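Please consult the sequence and the coordinates shown below. The briefing that follows is arranged by topic.

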Amino acid sequence: MDILIPAWIDGQLQPVEKLQTHLRGLKHKAVSVFVMRSAETLLQRRAMSKYHTPRPLSQCLLHKSGMGRSWFDCAQRRLEEELGLADQIPVYRGTVEYRADVGGGMIEHEVVEIFTLQVTQINIHPNPEELMDHRW
């Protein structure tokens, strides 16, 4: 099944297949949630099965583009899908845009809706299809 994400083509947002978006370097929408425990940030290592940038450890968790949902709903869905964290309420913090060569002829050019989630004690159940490791 193709995953469609909202990307800009000729100034208009429209659904584009995710891999093609990265191969063409199209600017697209995404959501990221930073999970924090006091002064610590949860780091994640992407699964080896990811088609770009597997393995790097990143402070930006739950990086996912969404189509047809509110960005808040996307953030909540990714918390559950990637970490097994249901019923969490992330807080919207703003938007950033960046562009980076991620290797393999792919460009990541995103307009990212940023959320944070403050936790005290949580049980993380990472999805192995998304993450191969995590730590505070």
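Two strands are said to pair if DSSP finds at least two bridges between them; strands (E, at least two residues) and helices (H or I, at least four residues) are DSSP runs, numbered from the N terminus. The model is predicted, so that local features need pLDDT of at least 70 and side-chain atom pairs count only at pLDDT 80 or more, while totals for chains, interfaces and linings use all residues. Residues are numbered from 1 along each chain as its sequence is written, and side-chain values use heavy atoms, with hydrogens and water left out.

**Hairpin β1–β2**
- Strands β1 (residues 4-9) and β2 (residues 12-17) run antiparallel and are joined by six bridges.
- Leucine 4 lies opposite glutamate 17 of β2.
- Two residues separate β1 from β2 in this hairpin, and aspartate 10 in the turn has a positive phi of about 50°.

**Helix α2**
- The 13 residues of α2 (residues 71-83) reach 18 Å from the first C-alpha to the last, close to the 18 Å expected at 1.5 Å a residue (1.5 Å times one less than the number of residues).
- Cys74, Ala75, Arg78, Leu79, Glu82 and Leu83 are the buried residues of α2 (under 20% relative accessible area, 1.4 Å probe, protein chains only).
- These residues lie on the same side of α2 because they cover an arc of only 140° around the axis, taken from the directions from the helix axis to the C-beta atoms.

**Glutamate 113**
- Glutamate 113 belongs to strand β9 (residues 106-118) and is buried, at a relative accessible area of 8%.
- Beyond its neighbours within four places in sequence, glutamate 113 has contacts (heavy atoms within 4.5 Å) that include Lys29, Trp71 and Tyr92.

Technical notes:
Buried < 20%, exposed > 50% of the residue type's maximum accessible area, 1.4 Å probe, protein only.
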